[in-house]
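Reader: I'm new to this and would like to go through a structure with you. Could you tell me what stands behind the words you use?

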Amino acid sequence: MRIQASLLTSLLIPTALAQKIYQGFNSGSTLTDRTAKTESDFTSEFRTAQRLYSSPGTFNSARLYTNIQASTSNTPISAFPAAIATNTSLLLGIWCSGTDDISNEIEALRTAVGQHGDSLRSLVVGISVGSEDLYRVSESGVRNKAGLGKGADDIVEFIRQVRESLGGMGLGDVPVGHVDTWSAWSNSSNSAVIDACDFIGTDLYPYYEDDKDNEIANAKSIFTQTLNQTLTAAGDKPVWITETGWPVSGPNFGKAVASKENAQRYWSEVGCGLFGKTNTWWYNLRDSNPDNEAKFAITEDLSTTSTAFNLSCPAGSGAPASVNLDQSKDEEKKGDSASMSGLMTSAVLFGAVGFSMALGAFF
């Protein structure tokens with residue numbers, strides 16, 4: 001199925017809200033054992049994304065789901081200093097489900113901006129108020145036991161509160177939107193959310209579309225069909241691909257089979273048509289949801305070379321050229337990291353004053 005020309009334009013041509021095309025991965029706040037990610041965890045994740053062997057362009061953006069460090073009430077998430085250290089742009093997230101009050105989310109962001117100033121502000125490409133909240137309260141979401149969600153009126157109110165707070169943080173020009181499924185966006189009862197957004201984030205997973213003959217051979221056409229549904233609902237609002245991917249392992253879903261081979265085919269047929277053309281945050285670099293039997297991680301232990309499949313895109317796909325082709329450089333960086341670890345151990349043992357200020361020379 002071909003995307004209609006008018007809809008293709010709204011998806012692929014940069015707008016005043018996005019003069020640059022961003023590509024990266026989603027990043028949860030916890031590890032698979034449910035412990036909170038540390039700054040070091042996020043830093044390793046962001047650096048790995050940028051150094052992936054033969055990736056189509058550099059993946060130097062991350063989408064967050066919350067501003068709050070896991071297991072705290074309103075401490076800023078450790079992803080912020082990690083993003084600054086690695087020059088990783090951020091699509092921020094405000095977690096909305098299961099609460100009637102997002103003041104802690106706003107306060108965490110305010111605190112982070114106060115701590116980091118323009119170093120953080122310059123990396124923020126947008127703020128998503130909520131993630132799949134509308135889907136979770138829909139008939140299909142309830143049937144699938146998707147968890148707590150929020151209705152359209154609540155999301156609109158939360159968007160208003162976020163906008164009201166951003167000016168005082170120096171983020172008044174940052175686009176504010178919401179992320180949800182194509183089915184939520186195409187539901188006319190949610191049109192007020194579209195009206196309130198600067199951008200529309202959409203999560204598209206042909207793997208889960210078990211009523212659409214969802215074998216891998218049909219994945220591209222299903223993706224296009226559901227994307228068109230979102231584009232039609234969005235009207236003149238830009239649409240960003242905030243989640244998509246195919247699991248490398250896990251249970252079959254309808255006719256969809258989770259495997260590395262199918263994940264690579266999906267990357268080649270769908271991802272390579274998006275990279276470099278529209279803002280895309282792939283799902284995912286590493287797994288962080290222990291409750292999901294389907295595993296989407298394209299890396300093992302955040303290795304830049306031992307990826308689940310070949311990341312290069314086929315000729316003629318229009319994707320950016322492959323980068324990070326010299327694997328020896330990655331080995332050199334690993335050596336630098338090992339040297340850094342030894343130096344930091346020495347610093348701890350010998351009490352080197354101001355040692356941490358010298359670390360910048362290695363990055």
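Reader: Why is helix 3 called oblique to helix 4?

Author: The axes of helix 3 (residues 79-86) and helix 4 (residues 103-116) cross at roughly 40° and come within 11 Å. Axes here are lines fitted to C-alpha atoms, for helices over the stretch in contact, and angles run from 0 to 180 degrees between N-to-C directions. Under 35 degrees counts as roughly parallel, over 145 as roughly antiparallel, 65 to 115 as roughly perpendicular, and the rest as oblique. So helix 3 is oblique to helix 4.

Reader: Where do these things come from, and how are they numbered?

Author: This is a predicted model, where local features need pLDDT of at least 70 and side-chain atom pairs count only at pLDDT 80 or more, while totals for chains, interfaces and linings use all residues. Residues are numbered from 1 along each chain as its sequence is written, and side-chain values use heavy atoms, with hydrogens and water left out. As for helices (H or I, at least four residues) and strands (E, at least two), they are DSSP runs numbered from the N terminus.

Reader: Which hand does the crossing of helix 3 and helix 4 have, and which residues make the contact?

Author: That crossing is right-handed. F80, P81 and I84 of helix 3 touch L109, A112 and H116 of helix 4, where contact means heavy atoms within 4.5 Å.

Reader: What makes a residue in that contact nonpolar, polar or charged?

Author: Ala, Val, Leu, Ile, Met, Phe, Trp, Tyr, Cys and Pro count as nonpolar, Asp, Glu, Lys and Arg as charged, and the others, Gly among them, as polar. By that rule the contact of helix 3 with helix 4 has five nonpolar, one polar and no charged residues.

Reader: What makes helix 2 oblique to helix 3?

Author: Helix 2 (residues 39-50) packs on helix 3 at about 40°, with the axes 8 Å apart. That angle makes helix 2 oblique to helix 3. The crossing is right-handed. From helix 2 come E39, F42, T43, F46, R47 and Q50, and from helix 3 come A79, P81, A82, A83, A85 and T86. Sorted by class, these are seven nonpolar, three polar and two charged.

Reader: Why are helix 4 and helix 8 called roughly parallel?

Author: Helix 4 and helix 8 (residues 152-166) pack at about 20°, with axes 11 Å apart. They are therefore roughly parallel to each other. I106, L109 and R110 in helix 4 meet Q161, V162, S165 and L166 in helix 8, and the contact has four nonpolar, two polar and one charged residues.

Reader: How do you know what counts as a cavity?

Author: On a 1 Å grid over the protein atoms alone, a cavity is a set of points where a 1.4 Å probe fits but cannot get out. The search of the whole structure finds four of 30 Å³ or more. The second largest cavity holds about 70 Å³, a volume being the space filled by probe spheres set on the points.

Reader: Which residues line the second largest cavity?

Author: There are 13 lining residues, and F25, F46, A49, S61 and A62 lie nearest its centre; lining means having an atom within 4 Å of a point. Helix 2 gives the most to this lining, with four residues.

Notes:
Left-handed = near helix turned anticlockwise from the far one by under 90°. 1 Å grid on protein atoms, 1.4 Å probe; cavity = no way out; pocket = protein on both sides within 12 Å on 5 of 7 lines; lining within 4 Å.
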